[in-house]
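Please open the structure in your viewer and keep the selection tool at hand, as this tour moves from one selection to the next.

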Amino acid sequence: MRSEAAPQLGGLERFASAGKGRGLRARRRFAVGELLFSCPAYAAVLTVSERGSHCDGCFARKEGLSKCGRCKQAFYCNVECQKEDWPMHKLECASMCTFGQNWHPSETVRLTARILAKQKIHPERTESEKLLAVKEFESHLDKLDNEKRELIQNDIAALHHFYSKHLDYPDNAALVVLFAQVNCNGFTIEDEELSHLGSAIFPDVALMNHSCCPNVIVTYKGTLAEVRAVREIEPGEEIFSSYIDLLYPTEDRNDRLRDSYFFSCDCRECVTKEKDKAKLEICKLNDPPSAETVKDMIKYARNVIEEFRRAKHYKYILCLTLTPLVELLEICELSLDKMGAVFEDSNVYMLHMMYQAMGVCLYVQDWEGALCYGQKIIRPYSKHYPSYSLNVASMWLKLGRLYMALKNRTAGVKALKRAIAIMEVAHGKDHPYISEIKKELEDH
């Protein structure tokens, strides 16, 4: 079924995708790097740790931001940004003043509060909902287990606890549905190095179905989502993005999809599993490890990865004292030693732990240590990830900045140019991030 507003998205239409429900497809050809459409955030919240370095309203990264005169915790580019954000910020402003350091709702709770306020202020369809309305979001309520339902009830309790003055609540059943919708349809906004900036709702972007062989990529310009082609798209072809990190083998990817989105992927990569052997490469030894040993090590690796995942975002792990940081690095190194007896360095589980270790080194400003891990990561990343991967671009970018910091300009220029080559397709040549990187090249 074609949405009446579909032509406004320039050659795209909503349709019924066989076996997948709603979907988005092309009505004309799109070239690699071409912008299919952009979507302003229906609602967005800046992560607390980035306040002061990014505008709470537009997410722009600037120095000399002005803080809110009341709560002193929100920062803005200018008066215009502050006024535009006030209908949303007022939900939190008085509450932050009241609770002080005890104000700590999750980003999901903050985002849901803004959705409720937006629905009251703007009940008609918005510019973000040309093809899909927020109220049409799938909730998968019937598939939630007891643990997920309990987490939602905790979020509802936090919503009532931290938000009251400017918010009208629907009944508990409606809130359960809304939180389930946000959990399945929310987006994480990241910067050029894939650091977490905030969370948002982009309804039209949520219309796209998942594939582990995506033909588009979603990037962000402040609170605007942009969707660009990463391979040629023909008329009639469905538009697919990726919901998850594509580094991992087929079984891991589908475990994640089932847990978070309640489906399994049937894309070409998931059917053929053609990359799995390289992703799970075993050490080449005269006496190769047994199948049982490999199986046990994979299980061990998955458990370690899950422990890190539970910690959520790096900045929440790393806002600690130096002692836990040292312990975290030791865990990474011990895990690498143990897995290294069975796995090659190019094995994705080894790469995962190297990436965690690199993050710790960056946080404590151990540039040589971070560079060492990054150099081991980049080539396998380039092999395992699809073309124009943001993960590969961000790794080249980190390496380039490390080389520059360590006065190796030749290697730094080469790495930064590799990052730019990917980002010009994924972000568009006029993106502020690319301008910033080019300025870094000029300044060095």
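**A tour of charged side chains**

Begin by selecting Arg 14, which counts as buried because its relative accessibility is 11%, under the 20% limit used for that word. Keep in mind throughout that this is a predicted model.

Glu 136, at 26% relative accessibility, counts as partly exposed.

Now select Arg 125, whose side chain meets that of Glu 136 in a salt bridge (4.0 Å, N to O). Arg 125 and Glu 136 both lie in the loop between α2 and α3, so this pair ties together parts that are 11 residues apart in sequence.

Move on to Glu 193 and Arg 401, whose side chains meet in a salt bridge at 2.7 Å, N to O. Here Glu 193 sits in the loop between β7 (186-190) and β8 (196-201), while Arg 401 belongs to helix α14 (residues 390-405), 208 residues apart. Is Glu 193 buried or partly exposed? At 18% relative accessibility, Glu 193 counts as buried, whereas Arg 401, at 21%, counts as partly exposed.

Finally, select Glu 327, Glu 330, Glu 333 and Asp 337, which form a negative surface patch; Glu 327 is found in helix α11 (residues 322-340).

Note on methods. Residues are numbered from 1 along each chain as its sequence is written. This is a predicted model: local features need pLDDT of at least 70, side-chain atom pairs count only at pLDDT 80 or more; totals for chains, interfaces and linings use all residues. Side-chain values use heavy atoms; hydrogens and water are left out. Patches are made of residues with over 30% relative accessible area and no salt bridge: like charges are joined within 9 Å, nonpolar side chains (Val, Leu, Ile, Met, Phe, Trp, Tyr) within 5 Å. Accessible areas come from the Shrake-Rupley method with a 1.4 Å probe; for residues, only the protein chains shown count as cover. Lys and Arg count as positive and Asp and Glu as negative; His and the chain ends are not counted. The place of a charge is taken as NZ of Lys, CZ of Arg, CG of Asp or CD of Glu. Helices (H or I, at least four residues) and strands (E, at least two) are DSSP runs, numbered from the N terminus. Buried means under 20% relative accessible area, exposed over 50%, partly exposed in between (1.4 Å probe, protein chains only).
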